[in-house]
Amino acid sequence: MDSYHADKDGFYGPFGGAFIPEMLYPNVDELKSRYLEIMGTPEFQSEFRHLLREYVGRPTPLYYARRLSEKYNTRIYLKREDLCHTGAHKVNNTIGQILMAQKLGKKRIIAETGAGQHGVATATVCALMGLPCIVYMGEVDIARQAPNVARMKLLGAEVRAARSGSRTLKDATNEAIRDWINNPEDTHYIIGSVVGPHPYPDMVARFQAVISEEISKQLQEKEGRDAPDYVIACVGGGSNAAGAYYHYLNRPEVGIIAVEAAGKGISSGESAATSALGTVGIIHGSKTLLMQTGDGQITEPYSISAGLDYPGIGPMHAHLFASGRGEFHSVTDEQAMEAGKELAALEGIIPAIETAHAFAILKSREFEADDVLVFNLSGRGDKDLQTYIEYFNL
Ligand SMILES: *Cc1c(COP(=O)(O)O)cnc(C)c1O
């Protein structure tokens, strides 16, 4: 049977691996040779589970959305990652990685951030563990994302501006990699999605897999079966989706649906719909699908939601797309904003705009009345209130 999990070298079919400069080998090799052994120890598992329960607030509910189900004449469950501490799924990964850093004896944490959500999740766990935290962020993003910069500072992190290039996420990533090369002994680099060189995509997916593990148990209790007909998630880099799909990847009876940001439209030139527009290349050490020009320059992505405007997708998702195992859709800013507003009005839940993209497919994709759908509600909309206000003239 085909496997949609990573092989021992971090390949998902033809995608993944670790294509990195030689100066990064020692750091990446140390992590690669130890992550599975460390994650497999009862001690690691009990500390990870303890923090997920007591600090993050897991398990998150699997909520049957009655009014939304009635409206679309199908059976819709919401996996409430928006109720995690800090308001999204990202903390599942940063909790796992901060424990990993401790087991590796690292004393200093670095991260990169675009919109600031991953920076906040990293600063949070560094405060929890009393470790110094440096977050690289593009100068342009620092100006655009002032509330998250303030959060990181309150949490005790140092935010360092990346002043080269377009002064956005990719430049912040370059600075973080440079830092890691210069500090191989004492520093752990916390990557925020299922992207980057092996072992990051696999390690992050395993930390986020708590989502599908819980869905299985909760559906068994509520529906008498452990798997839905479809599991649906938005994809930026792909970590919340990877977590929601994880236990169903090799079960072909479960439909996997991924929703990307089409921005102002797939052919508008302002989009982040990697599956529709991407070609094979290497980004951040991983062979995957990415948006690039004919001569290999990465295209600046655009989406109204800051968390989806990444120019690539993780290698797991590239493989799900290319193999046909996953069904990929893309949704415009406008469709996502309307879907977010509808979820708020029908269920009393204001989603993050990233998450709202997933719900928009209800308008374009038919489901059967007895289908069981699980939407991964990756985050709450508080951080996006200003965008909602401006968009709808509230
Ligand atoms: C960051 C973020 C995303 C996108 O990241 P993935 O790695 O694709 O999950 C989606 N939803 C929310 C709420 C986010 O904060």
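This is a predicted model: local features need pLDDT of at least 70, side-chain atom pairs count only at pLDDT 80 or more; totals for chains, interfaces and linings use all residues.
The domain assignment divides the chain into domain 1 (18-51 + 90-203) and domain 2 (58-87 + 209-392). The C-alpha centres of domain 1 and domain 2 are separated by 23 Å. Contact between the two involves 23 residues of domain 1 and 25 residues of domain 2. About 1,900 Å² of area is buried between domain 1 and domain 2, and carbon and sulfur atoms contribute 62% of this area. On the domain 1 side, the residues that lose the most area to domain 2 are Phe19, Asn92 and Val194, which together account for 28% of what that side buries. One salt bridge is counted between domain 1 and domain 2.

Helix H2 comprises 15 residues (residues 42-56). At 1.5 Å a residue, helix H2 should span 21 Å, and the 20 Å between its end C-alpha atoms agrees with this expectation. Phe44, Phe48, Leu51, Leu52 and Val56 are the buried residues of H2. Viewed down the axis of H2, these buried residues fall within an arc of 100°, and they therefore line one face of the helix. An α-helix has 3.6 residues a turn, so residues three or four places apart point the same way. Pro42 and Glu54, on the other side of H2, are exposed. The cover over the buried residues of H2 includes helix H1 (25-40), helix H4 (90-103), helix H5 (117-129), helix H9 (200-208) and helix H10 (210-223). Within H2, whose residues are 42-56, Arg49 pairs with Glu213 through a side-chain salt bridge with an N to O distance of 2.9 Å.

Several backbone sites were examined next. The peptide bond joining Arg58 and Pro59 is cis, with omega about -5°, and Pro59 is located in the loop between H2 and strand S3 (62-64). A cis peptide bond also runs from His198 to Pro199, where omega is near 15°. Pro199 belongs to the loop between strand S8 (187-190) and H9. Asn73 has a phi of about 50° and lies in the loop connecting helix H3 (66-72) and strand S4 (75-79). With 52% relative accessibility, Asn73 counts as exposed, the cut-off for this class being over 50%. Thr86, in the loop between S4 and H4, has a positive phi of about 80°. Thr86 counts as partly exposed because its relative accessibility is 26%.

Two further residues illustrate contrasting surroundings. His357 is part of helix H15 (residues 353-359) and counts as buried, at 0% relative accessibility. Apart from residues up to four places away in sequence, His357 touches Val259, Glu260, Ala261, Ser303, Ser305, Leu308, Val331, Thr332 and Ala336. Glu30, by contrast, is located in helix H1 and is partly exposed at 26% relative accessibility. With residues up to four places away in sequence not counted, Glu30 touches Leu104 and Lys106. The C-alpha atoms of Glu30 and Pro184 are 9.9 Å apart, although 154 residues separate the two along the chain.

Side chains of opposite charge can pair when their charged atoms come close. The structure contains 34 salt bridges. In helix H1, Lys32 and Asp29 are three residues apart, about one turn of the helix, and form a salt bridge whose closest N and O atoms are separated by 3.5 Å. Lys32 is partly exposed at 38% relative accessibility, and Asp29 is likewise partly exposed at 38%. A salt bridge also links Arg160 and Glu158, with 2.7 Å between the closest N and O atoms. Arg160 is partly exposed, with a relative accessible area of 30%, and Glu158 is partly exposed at 38% relative accessibility. The side chains of Lys383 and Asp384 form a salt bridge at 2.9 Å, N to O. In this pair, Lys383 is partly exposed with a relative accessible area of 32%, whereas Asp384 is buried, with a relative accessible area of 9%. Finally, a network of salt bridges links Arg58, Lys79, Glu81 and Glu214; Arg58 is also the residue joined to Pro59 by a cis peptide bond.

How values were computed. Residues are numbered from 1 along each chain as its sequence is written. Side-chain values use heavy atoms; hydrogens and water are left out. Helices (H or I, at least four residues) and strands (E, at least two) are DSSP runs, numbered from the N terminus. The expected span of a helix is 1.5 Å times one less than its number of residues. Buried means under 20% relative accessible area, exposed over 50%, partly exposed in between (1.4 Å probe, protein chains only). The arc is that of the directions from the helix axis to the C-beta atoms. Contact means heavy atoms within 4.5 Å. Domain bounds come from an automatic or database domain assignment. Buried area is the accessible area (1.4 Å probe) that two parts lose on being put together, summed over both. A salt bridge is a side-chain nitrogen of Lys or Arg within 4 Å of a carboxyl oxygen of Asp or Glu.
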